[in-house]
Structures are given as C-alpha cells and as structure tokens.
Amino acid sequence: MRLVSSAILIGAVLVSVPVRGDSLEGTRFELRERAHRATVTVDRGFARIVVQRTIQNDGARSDQATYWLGVPAGGVATGLRTLGASSSGAPMWFNGELMEAEAAAAKYKELTGLGGFTPKDPALLSWRSQSLLALQVFPVLPKSEKVVEYTMLVPTRYESGFHGFTVPGPSGDAAATATATAAVFVRAARPGDRVFVNGVPASEAPVRLDADLTVKLKPGAGRPLEGSLASFTMAKDRVMTHARVHVAARISEVPDGAAVVVVLDASRSARATIASEAALVRAYLSHFKNASVDVLTFDRAVHRLTPRPVPTAAAIALLYAAIPVANGSRVDDALAEADALLSARPERVKRLLLVSDLRTRTALDVTRLALTKRKSDAIVHVATVSDGRPALSRDDDSTWARLPQATGGVYWQASHPDRVDAASRAAMEALARPVTIDGVAISGLETPLAPLTDGALHEGQGLEAWSVDALEAKELTIDGMLWSTPTRFRIGAEPAEVRRSAALAFGSSLLGELRPAEMTALAFKGGAVSPVTSYLAIEPGVRPSTDGLEESGAGEGFRTKSPSIRMGATSVHRRADVDHEALLKTLLAPLAKSCGARGGMHVTLETTSVEIVDVTRIVHTPARDVAVEACLREAVWKLDLPEAFDVESMTYEVDVTPA
C-alpha cells in the first residue's frame, strides 16, 4: 500500500479515510488493534486525552502501522511516545520530539529504510487537517505487538454552566474493521468538579467507545465569574489573543433565614393587577428557606396582614385570600413602616419588596423619598406588575429606580399571571437573588470579547474569542453590577494558559489568519502538531537492519426591554364626551348634604384614573365648619369613582352645592 507523503499538506485528506473515527492500516500485512485505552481528564475550558493503542502483527515480517486519527472538534495533538526497552531490556517509554514537519518526515524515512547501520525505530505523528492526524509506527515486529501513546488537548464549550465536548466514536470503515473497542476512563482535573458521560456521572469504571461520548463537567463552587486570558507575540505587531469568560451556573444564593417584609399596593388603581401582584409575591417568597415574613398592604393607610412575622409558607397562604382595595396610595408611609419593622428584626440578612403601580399623589417627592435615611440596612426592590406571562426587566432610568438603587436593589417592571407555576417561580428568582451580572463593561482587550445585546452576562453563559492584535493583553477586566452593587472581576494572563492557547490555536478559527512563521512560533510554544510541525519518537532498534521498509513504502504516509410602563403624573388624555368636573359635582353633592353642609363646599382632590390618591383641601363656605369638612373628607376618600374617570393623573378643584 502506498501512503501519502508526510510533508506539509494543509487540508490534504484521502477520500477513503474516515474523518470522525480512527482507522488502522498495515503496509505489508493486515494489522489489528489488540487494545485501546484512553484517559480523559476534564478541566474548566479544556480536556486532556491520553490514548494508548496496542498494535498486533500476526505476519511473518516487521510491518509499519498507520493510524488515521479523527480529532475531536477544535482538538490538537500535544505529545507522542512509544513503549520500548532499555539497554537492560526493561520496558521504557521513549518521548517524541516536536520537529519541523519536513525534517521529521525526512528523519522518519531515513530511520525506517534499509541499511547496514544500527537501526533506530521511529513513530511519526503528523498533521493532515484540523480534523485528521496521521500516526506512523515502525516496526511492529512479527508475531508481536507494539504500544504507542499520544496526547490530545481538546477545548470545551461552555453552555448552561457546563464545560462539554464530544469524543467521536468509530464510524464507517473504522467501525467495520475495529477489533478493539476503546476503554475510556473519564475524570475531573479538580476536586469538587463533577463529570458526566452521556448524562451519567462518571465513575472509576471505563466507558466503551462504541459510539460518540458526550462529556460534560459541572464546576464545583467558585467565583461568580471565571475565565482565562492568553496573549503571545508571534511576530512583530502580531499577537495571538485568546480570551474566555465563564459565568457560574449560580452566581449567588438566596439567603437562608432572612427577615423579609413584603408591601403590596391595595389602592383602587391596582385593582386590575392585585391578583397578579399577590401571585408574584408568592412566587418570590417560594425561594426563601427559613425566612420570617411580614406582609403589609397600603391604600390611604398601611395595613398589616401579619400581626407578627410568620414563616414563608404561612405568608404564602395568606396571599391566596382576596385583598380589598381602597382609595389612596401612601407608598411612603408603607415604606417607612416596613423599614421600621425590619430595623427591629434581629436577622442579619433583610429584604424589602414593594409591589405597586406607583401611581401616587404628585405631592410625593420621589427623589427625596429615595434619599430618606433608612433605619434598617435592608436591600429594597420595587416592582410594578402587569398581567401576562412571567417576566422581569430592570429599569435603571426611572426616577423610582433611585430608591432601590440606594440600597443595592433594583426597580423592576414585571408581568405575571394571577397564578404561580414553575415558570413563574423561575422568572421571579431574580427578585430573591442576583441571576445576572448587569451593566457589563469589558476592558483590557484590543479586540472586543463579544457584543452583549442586553448589556448583561447571564448565569451559565460563556464567551470566547480568538484574535490577532498588535499588542499583548495583560489583564481582562469585567465591571458590572449584582443587582445595583458594583462588582469587578479580573482575569490575568498565565503562562500555562498561553501554552495551551498556543496549541489550541491550530484547532480554532484563527488558523486561517496565521502565516507560516507564526504557525511555527505557536506550535513550538504550545508543543502542538500543526501544518508545520510533527512529533517524532525514536527508540533503539529491535529489528534486523535488513528488515527496513522498501523505498516504495518508507516514509510515505503522510435588552430588549419589556414595554415601558409610565408612572406618575402625566399630560391629560380624556374622553371628549365626559365632563369629569360636572360628574364630580354630581357625586359630591349628596355627600356634602349627608355631612350637614349648610353652604357651599370647595374640594381639591387628585386622581389616577378611578382612584382618589389625595384629598388636599376641603373648605366649607362662607364660614368654616371643621366637623363638616372632616366628614366630607372621609366620605370623599371612600368614594368609588366610575370607569368614566380614565385620565391617568388629574387634579380637580370642584365647588359643590349640597343637594
């Protein structure tokens, strides 16, 4: 059999050679594989695969074995050795040397030929393409076996909190001619990390490589964000840069044993969404273990649904009951009472969740409210809710955002149905713990790592980039926020990572941008088989010097944000056919009469659609009557405005004649 030259052949692949799996060929005879063993050590970002193969020659003469080796996606070969014997006859491994590819091929040809010199027995591992290598071994002695070992470095892909890759199994001709199914031993490189093979936890027992193996590593506890940086000068003004960022599957935990106060808007303007508010709070509370919870509601006054702190389950049960609504939105009073409750609580971790439409009186100065000094050190979240599929979107631009931001919390715009299920609980988890790193800015790289469409890094997300730059990168800095608390992560360039990336560049998208001299620099830095380098392992000869390969066979082988919800006083959009002031006079006249008004009444009030949010002034004319004024004030607060009041925010001054 005539084999392809082992000189530099970028992308040269025989049509008959399967790329996915491996195949074994003999030059003189039909060789067979007696044993195939692989040890896979998985780390965060890469895996190292050490493969031992035992070749059996049943023929009468020495033979050359040629393997066509399929390479896992992105992988490269970084080592070769053969098992021979020392001068004393004891088994001994002979390590391969990384050489320039043409020189290695010429040396291999010289060592496998005929001649009267002392024989040396070589093995050559050379490049064919990013998915295929060639391994030639000579001699495999007659009626004997030969053991060869090579190492591959494979990048992992980080998705959903797992580092994973696929070990290709036999296929096509390789599957048909295989005589030894590989025994694959899989383990984690670091204590605390867990490895899964085809979804099953890896054990000490080997896995049979009779089909593709999906290998995944779940990192143990670590920082919220990890990664690596490699930067290597290949030539003047030509620097290989490789950066990776891995966001942990869980970047935070819900605190155990927290003190929680929930404040719900029970004003009339929230009547359409109060069932969704309560459901959202139930979904939120479901994430807390061993918490003690107070539940408050507010309209023109603050009401305690829990006379004392109760366990989470009891608070959730309370929120299944219907919540009555009334006029008024004293959100500031509700926040003050919630803060006072939390300040008296002994728990170390404290949380306050305000759920409201925030449609309150214009006299309330939101900026001043945000600056009000709190008695407790609770993290405050503010959420507005609309009915719909469960979703959360942070709004950092609203005036209301300043209030939670001052405590490390967030102003959220949410949608939620009036029931709780697994999807809603998952969506509301971001209220209980940070699940994203927001407002991300990445610096330190000449070429940006990646565009972030919503400006956030999500749990389990991975970013990776290869580039050729002019300057070396020393440190990668990632700034962001956990809720509203600034956080910074630094990733420095490490020598070991530079060596790995120099090797892995040959399996990456960067290969097409490299010049031959740059390939040489990278290959020797990373110790990798490449289009310009090969491994050659040489051991003392054990064959007769006259049993070399004939000339014909020797050396030839080779954020979209959710829709904005506007809050607070706005311009007036009213129905042209409704005179609201006249309607108010009609509604207030009988109330004034029932309160004993003898003259006219002047009433100033503010509404948000059907809700009265403030009664700012009531005067009995022409002579003041404090009792009548107080009576009418209470009556106005209890007034149910009809649906005709559809203006988002309006202040009315009405002169009323008792009727």
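Which residues in H10 are buried? In this predicted model, where local features need pLDDT of at least 70, side-chain atom pairs count only at pLDDT 80 or more and totals for chains, interfaces and linings use all residues, the buried residues of H10 are Glu497, Val498, Arg500, Ser501, Ala502, Ala503 and Leu504. Residues are numbered from 1 along each chain as its sequence is written, and side-chain values use heavy atoms, with hydrogens and water left out.

**Helix H10**
- Because 7 of the 10 residues of helix H10 (residues 495-504) are buried, the helix is largely enclosed by the rest of the structure; buried means under 20% relative accessible area, exposed over 50%, and partly exposed in between (1.4 Å probe, protein chains only).
- Helices (H or I, at least four residues) and strands (E, at least two) are DSSP runs, numbered from the N terminus.

**Salt bridges**
- The whole structure holds 36 salt bridges, each a side-chain nitrogen of Lys or Arg within 4 Å of a carboxyl oxygen of Asp or Glu.
- Glu539 and Lys146 form a salt bridge through their side chains (2.6 Å, N to O); since Glu539 lies in strand S33 (residues 533-540) and Lys146 in strand S10 (residues 144-155), the pair ties together parts that are 393 residues apart in sequence.
- Both Glu539 and Lys146 are buried.

**A salt-bridge network**
- Glu429 and Arg433, both buried, form a salt bridge in which the closest N and O atoms are 2.8 Å apart.
- Salt bridges that share partners join Arg250, Glu253, Glu429, Arg433 and Glu459 into one network.
- Within the pair Arg250 and Glu253 (3.0 Å, N to O), Arg250 is partly exposed, with a relative accessible area of 40%, whereas Glu253 is exposed at 53%.
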